[in-house]
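Biologist: Please show me the structure, and let me ask how each label was decided.

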Amino acid sequence: MHSISARLIKCFERGNKILVAGNGGSSAEASHLSEEFITFGFPVIALNDPAVLTALSNDSNYEEVFSNYIFALHNEGDVLITISTSGKSKNILHAQKSAKAFGMEVTEWPRDKGKTTEEIQEYQLKLIHKVYLEVVNHWQ
């Protein structure tokens with residue numbers, strides 16, 4: 001079993017939820033991850049509603065957009081998953097710090113399985129399905 005799957009199982013067993021953040025293609029993967037789990041009844045929220053993102057960006061700045069989202073939705077013991085191909089996005093790094101400060105666990109989606117953005121995203125998409133199946137199979 002992948003270590004991320006084990007982390008998510010523990011989160012759901014505690015009665016907590018998962019928040020998922022990413023930019024661009026990683027935001028689309030956050031939606032995909034959320035959709036897979038919500039379809040099976042697990043509380044996973046992609047932090048990418050366009051109205052919320054643009055309002056938060058307008059009212060503060062884009063570096064804090066996910067942190068503001070986390071502030072509004074977090075509970076201690078929730079898990080933040082960050083999906084990134086570079087690992088350098090300031091709003092993702094800021095979100096990780098904020099989540100830890102709020103007592104959340106932080107899981108970075110692996111980005112070391114490829115040399116190009118496309119290769120990394122392909123691996124990350126495959127991992128979404130692997131983790132989803134492992135978590136679902138845990139309860140079947």
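Modeller: What follows is a set of questions about labels and the values behind them.

Biologist: What should I know before reading the values?

Modeller: This is a predicted model, in which local features need pLDDT of at least 70 and side-chain atom pairs count only at pLDDT 80 or more, while totals for chains, interfaces and linings use all residues. Residues are numbered from 1 along each chain as its sequence is written, and side-chain values use heavy atoms, with hydrogens and water left out.

Biologist: Why is Asn16 called buried?

Modeller: Buried means under 20% relative accessible area, exposed means over 50%, and partly exposed is in between, using a 1.4 Å probe and protein chains only. Asn16 has a relative accessible area of 11%, so it counts as buried. The residue is found in the loop between α1 and β1. Helices (H or I, at least four residues) and strands (E, at least two) are DSSP runs, numbered from the N terminus.

Biologist: What makes the link between Asn16 and Asp78 a polar contact?

Modeller: A polar contact is a pair of N or O atoms within 3.5 Å; within protein, one must be able to donate a hydrogen and the other to accept it, and residues adjacent in sequence count only if both atoms are side-chain atoms. The side chains of Asn16 and Asp78 are joined at 3.0 Å, and the Asn16 side chain also reaches the backbone oxygen of Glu76 at 3.1 Å.

Biologist: Which label does Lys17 get, buried or exposed?

Modeller: Lys17 has 13% relative accessibility, so it is buried. Lys17 is also in the loop between α1 and β1, and its side chain makes a polar contact of 2.7 Å with the side chain of Asp78. Contact in general means heavy atoms within 4.5 Å. Leaving out residues up to four places away in sequence, Lys17 touches residues including Pro43, Leu73 and His74.

Biologist: Why is β1 described as largely enclosed?

Modeller: Five of the five residues of β1 are buried, so the rest of the structure largely encloses the strand. Ile18, Val20 and Gly22 point one way from β1, and Leu19 and Ala21 point the other way.

Biologist: How do you know that β1 and β2 pair?

Modeller: Two strands pair if DSSP finds at least two bridges between them. β1 and β2 have three bridges, in the parallel sense, and Val44 in β2 is the bridge partner of Ile18.

Biologist: What makes a group of residues a nonpolar core?

Modeller: It is a set of buried Ala, Val, Leu, Ile, Met, Phe, Trp, Tyr and Cys residues joined through side-chain atoms within 4.5 Å. The largest one here has 23 residues, and Leu8, Ile18, Phe37, Ile81 and Trp109 touch the most other members. Helix α6 supplies the largest share, six residues. Apart from this core lies another, of 15 residues, among them Val65, Tyr69, Ile70 and Ile92.

Biologist: Why are the rings of Phe42 and Trp139 called tilted?

Modeller: Rings of Phe, Tyr and Trp (its six-membered ring) pair if their centres lie within 6.5 Å; planes under 30 degrees apart count as stacked, over 60 as edge-to-face and the rest as tilted. By this rule there are eight aromatic pairs. The centres of the Phe42 and Trp139 rings are 5.3 Å apart and the planes are at 55°, so this pair is tilted. Phe42 lies in the loop between α2 and β2 and Trp139 in helix α6, so the pair ties together parts that are 97 residues apart in sequence.

Biologist: Which accessibility labels do Phe42 and Trp139 get?

Modeller: Phe42 has a relative accessible area of 10%, so it is buried. Trp139 is at 39%, so it is partly exposed.

Biologist: How do you know that the length of helix α5 agrees with its number of residues?

Modeller: The expected span of a helix is 1.5 Å times one less than its number of residues. The twelve residues of α5 should therefore span 16 Å, and the end C-alpha atoms are 17 Å apart, which agrees. The buried residues of α5 pack against β1, α4, β3 and β4.
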